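This report describes a protein chain, its strands and some of its residues. Please read it with the sequence and the structure at hand.

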Amino acid sequence: VTSEILLISNGQLFSWSLDSDKAVPHPRTADLQLSGEQVTSLSAATIRVSVATLSGKVATFYDRSITCHTDDIPCTNLIATLSHPLIPVGLTPGDGVASLSVSDTASYLLSRFGRFFWWGYLPVGREVAPASTFVTFSQK
């Protein structure tokens, strides 16, 4: 398994394999529908990555090298459920991304207007709470 470094240059997502001497456009750019978009934020955890664009959209994907060892949930279905191409978050005109963070199962975005968005799966005790839509909280 080859590790890689992700980076943003001139608004585009690049991948730099540690066994290569240069960065190349990320191979998932088309799948994530990032072509023609300006990537402004990137956050990565151990296996999960989310990116945000100037147009207020986000995409999330997982490391291709993941192998799952579970009898309860088919891993490929879980990864497919938690990954998505570029979609709008629900930012209002003039708002933008102040902060983007991820964990292995969820992504979190704070807008410049103080609105908080999260998507993915959040653990609740010993269970997992699915979030199929964006949840927002506004600061008062």
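Gly-120 belongs to strand S10, which covers residues 115-124. The model in which this residue is seen is a predicted one. Gly-120 is buried, because its relative accessibility of 8% falls under the cut-off of 20%. In sequence, Gly-120 and Thr-105 are 15 residues apart, whereas their C-alpha atoms are 5.8 Å apart in space.

Strand S1 spans residues 4-9 and strand S2 spans residues 12-17. S1 and S2 run antiparallel and are joined by 6 bridges. One of the bridge pairs consists of Ser-9 and its partner Gln-12 in S2. S1 and S2 form a hairpin with 2 residues between the strands, and in this hairpin Asn-10 takes a positive phi near 50°.

S2 is also joined to S3 by 2 bridges, and these two strands run antiparallel. Here Phe-14 stands opposite Pro-25 in S3. The hairpin formed by S2 and S3 has 6 residues between the strands.

Ser-15 is a residue of strand S2. Is Ser-15 buried or exposed? Its relative accessible area is 5%, so Ser-15 is buried. The side chain of Ser-15 makes a polar contact of 2.3 Å with the side chain of Glu-4. Leaving aside residues up to four places away in sequence, Ser-15 touches several others, among them Ile-5, Leu-6, Val-24 and Pro-25.

Most residues other than glycine have a negative phi. Asn-10 is not a glycine, yet its phi is positive, at about 50°. Gln-33 is likewise not a glycine and has a positive phi of about 60°. Asn-10 lies in the loop between S1 and S2, while Gln-33 lies in the loop between strand S3 (24-25) and strand S4 (39-44). Asn-10 has a relative accessible area of 77% and is therefore exposed. Gln-33, at 46% relative accessibility, is partly exposed.

**The open sheet**

In what order do the strands of the open sheet of 4 strands stand? The order is S4-S5-S6-S7, and the pairing is antiparallel. S4 and strand S7 (84-88) are at the edges; each has a single partner strand, so one side of each has no neighbour in the sheet. On average, neighbouring strands of this sheet are turned by 15° against each other, direction ignored.

S4 pairs with strand S5 (residues 48-53) in the antiparallel sense over 5 bridges. Within this part of the sheet, Ser-41 stands opposite Ala-52 in S5. A hairpin of 3 residues joins S4 to S5.

**The nonpolar cores**

The largest nonpolar core has 10 residues, including Leu-6, Leu-13, Leu-34, Val-39, Val-51 and Phe-61. S5 and strand S6 (57-62) each supply at least two residues of this core. A second, separate core has 8 residues, and Ala-52, Leu-91, Phe-117 and Trp-119 are among them.

Leu-13 is a member of the largest core. When residues up to four places away in sequence are not counted, Leu-13 touches, among others, Leu-34, Val-39, Val-51 and Phe-61. The contacts of Leu-13 also include Pro-25, His-26 and Thr-29.

**The salt bridges**

Side chains of opposite charge can pair when their charged atoms come close. How many salt bridges does the structure hold? The structure holds 2 salt bridges, and the table lists them.

| Arg-28 | Asp-31 | 3.8 Å |

Lys-57 is partly exposed, because its relative accessible area is 29%. Glu-37 has a relative accessible area of 15% and is therefore buried. In the other pair, Asp-31 has a relative accessibility of 53%, so Asp-31 counts as exposed.

Terms used
Residues are numbered from 1 along each chain as its sequence is written. This is a predicted model: local features need pLDDT of at least 70, side-chain atom pairs count only at pLDDT 80 or more; totals for chains, interfaces and linings use all residues. Side-chain values use heavy atoms; hydrogens and water are left out. Buried means under 20% relative accessible area, exposed over 50%, partly exposed in between (1.4 Å probe, protein chains only). Two strands pair if DSSP finds at least two bridges between them. Axes are lines fitted to C-alpha atoms, for helices over the stretch in contact, and angles run from 0 to 180 degrees between N-to-C directions. A nonpolar core is a set of buried Ala, Val, Leu, Ile, Met, Phe, Trp, Tyr and Cys residues joined through side-chain atoms within 4.5 Å. Contact means heavy atoms within 4.5 Å. A polar contact is a pair of N or O atoms within 3.5 Å; within protein, one must be able to donate a hydrogen and the other to accept it, and residues adjacent in sequence count only if both atoms are side-chain atoms. A salt bridge is a side-chain nitrogen of Lys or Arg within 4 Å of a carboxyl oxygen of Asp or Glu.
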